Amino acid sequence: MMKQLKNYIAGAWHSSATTDYLDVVNPATKDVLTEVPLSLASDLDQAATSASKAFTTWRRMPPTERIQYLFKLKTLLETHRDDLAKTITAECGKTLKESQGELQRAIENVEVACGIPTLMQGINSEDIARGIDEIMIRQPLGAVGIIAPFNFPAMIPFWFFPYAVACGNTCIIKPSEKVPQTMQKIMDLIDQTGLPAGVVNLVNGSKTVVDAMLDHPTVKAISFVGSSPVAQYIYRRAAETGKRVQCQGGAKNPVVILPDADLEMTTRIVADSAFGCAGQRCLAASLAITVGSVQTDFTAAMVETAQNRVVGNGLEDGVQMGAVINQGSCDRIASLIQAGIDEGGKLLVDGRNPQIPGYEQGSFVRPTLLQDVPPQGQVVTTEIFGPVLGMIHVDTLDDAITLVNQSRWGNMACLFTNSGAAARKFRYEAEAGNIGINIGVAAPMAFFPFSGWKESFYGDLHGQSQHAVEFFTQTKVVVERWPKEWSRQF
């Protein structure tokens with residue numbers, strides 16, 4: 001019988017009350033890896049009750065003691081790095097190198113969260129009036145919920161939960177039902193740290209679990225990463241019940257190439273950005289804007305690079321790009337490529353329906369280039385979430401910035417140039433939360449927040465770093481007087 005995954009609630013593994021299970025499929029081979037329960041609202045209620053109960057004692061544990069569990073987790077993640085990376089690749093489709101990089105980013109967030117005794121310090125002022133002092137302290141919220149996407153099953157939960165628990169909160173994690181094995185194994189490691197029961201819980205499932213989390217009265221905050229339509233839904237529904245919410249949505253990330261850019265390096269970096277993780281990341285370059293005379297040479301270089309990229313099973317040596325998540329994604333990407341052609345785009349490299357030797361049944365799309373796509377067309381305005389790069393040519397940097405800023409998205413924008421003046425102008429004027437200068441994936445390190453503007457983010461405080469600390473704490477201001485004599489009142 002196929003192994004069925006379980007939920008982790010109150011420090012133990014429990015079978016869901018559901019009888020409805022979903023196959024978890026390797027997108028490269030179409031092998032069924034396991035079965036994941038589509039849990040019920042009652043399962044989420046059990047997790048929320050467990051987290052709420054654990055909060056009463058966990059919040060009282062000194063931060064210096066709370067982070068000891070994170071130190072242990074960091075060591076366990078490093079020890080089991082290879083197995084976890086292979087699990088990510090098997091269920092997500094990306095290359096093993098990409099999976100290893102994802103895990104490193106997860107570990108770095110644990111490292112930053114271990115600085116919580118300093119990060120969550122308050123402020124104070126003495127003698128705001130004669131004999132009166134005022135302080136501001138940070139206190140945890142309670143039980144919080146984390147809803148993760150399929151494309152980074154290890155990294156993205158770590159944008160949130162290490163900070164949440166370090167600050168004294170408890171949490172419930174819902175991984176994507178498409179890639180649940182990675183967090184299942186990480187929860188095994190969390191269990192080995194000896195973390196008190198109920199501090200971190202895991203509930204598998206789909207929309208039923210999400211809605212139960214959004215509506216549950218004991219869940220005080222929601223962290224989400226996914227598409228913008230879902231982000232809007234979660235933000236609205238959670239906010240209606242008074243929860244604190246941070247929702248990272250979709251993206252359409254432009255890269256601008258100036259004539260003075262290093263062509264060889266720029267081509268390699270843009271290709272890695274557009275086609276890395278098969279384009280399934282919210283910081284993937286999806287629109288290349290060439291300025292002036294660079295168009296011909298850059299286009300020729302990108303065509304050669306796209307045609308020669310090695311696509312296959314991400315577990316095999318030499319593979320540069322793996323599968324997309326499933327056949328439905330293949331079909332959606334193919335339909336958007338066709339829409340780009342129908343709208344007047346010129347198909348330079350067609351990655352649809354490739355035949356990958358030995359993996360003919362896999363969910364593959366090869367790198368695709370579409371030139372002269374219309375600015376208002378679907379290739380420019382829709383998050384394709386696949387290895388498709390649209391290309392547009394303009395005459396000046398001002399024209400390029402105008403094109404960047406007219407987008408409803410604002411996750412990332414990058415510029416390739418050797419001009420400091422152009423770089424400063426771009427970083428100053430481009431309307432995006434993450435800016436790259438000669439960088440193809442402007443992913444912030446764990447000690448910076450993962451920014452995002454416009455319809456790429458709903459909320460005020462982002463994941464990672466000090467933003468995460470502020471999100472997972474609430475401030476309390478205390479004004480106090482301990483005089484031998486009452487100070488004079490005015």
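Predicted model: local features only at pLDDT ≥ 70, side-chain atom pairs only at ≥ 80, totals over all residues.

Mentor: Local features need pLDDT of at least 70, side-chain atom pairs count only at pLDDT 80 or more, and totals for chains, interfaces and linings use all residues. Residues are numbered from 1 along each chain as its sequence is written, and side-chain values use heavy atoms, without hydrogens and water.

Trainee: What is a cavity here?

Mentor: Rolling a probe the size of a water molecule over the atoms shows where empty space is left. A cavity is a set of points, on a 1 Å grid over the protein atoms alone, where a 1.4 Å probe fits but cannot get out; lining residues have an atom within 4 Å of a point. Points are joined across faces, edges and corners, and the volume is the space filled by probe spheres set on them. The count is five cavities of 30 Å³ or more.

Trainee: Which residues lie nearest the centre of the largest cavity?

Mentor: Gly279, Ala284, Ser286, Glu383 and Phe385, out of 14 lining residues.

Trainee: Which residues line the second largest cavity?

Mentor: Among them are Trp58, Arg66, Tyr69 and Phe161. Helix H2 (63-79) gives the largest share, four residues. Helices are DSSP runs of H or I, at least four residues; strands are runs of E, at least two; both are numbered from the N terminus. This cavity holds about 70 Å³ of space.

Trainee: How many bridges join strands E5 and E6?

Mentor: Two strands pair if DSSP finds at least two bridges between them. Four join E5 (residues 123-129) to E6 (residues 132-140), antiparallel. Ile123 has Met136 as its bridge partner.

How values were computed: 1 Å grid on protein atoms, 1.4 Å probe; cavity = no way out; pocket = protein on both sides within 12 Å on 5 of 7 lines; lining within 4 Å.
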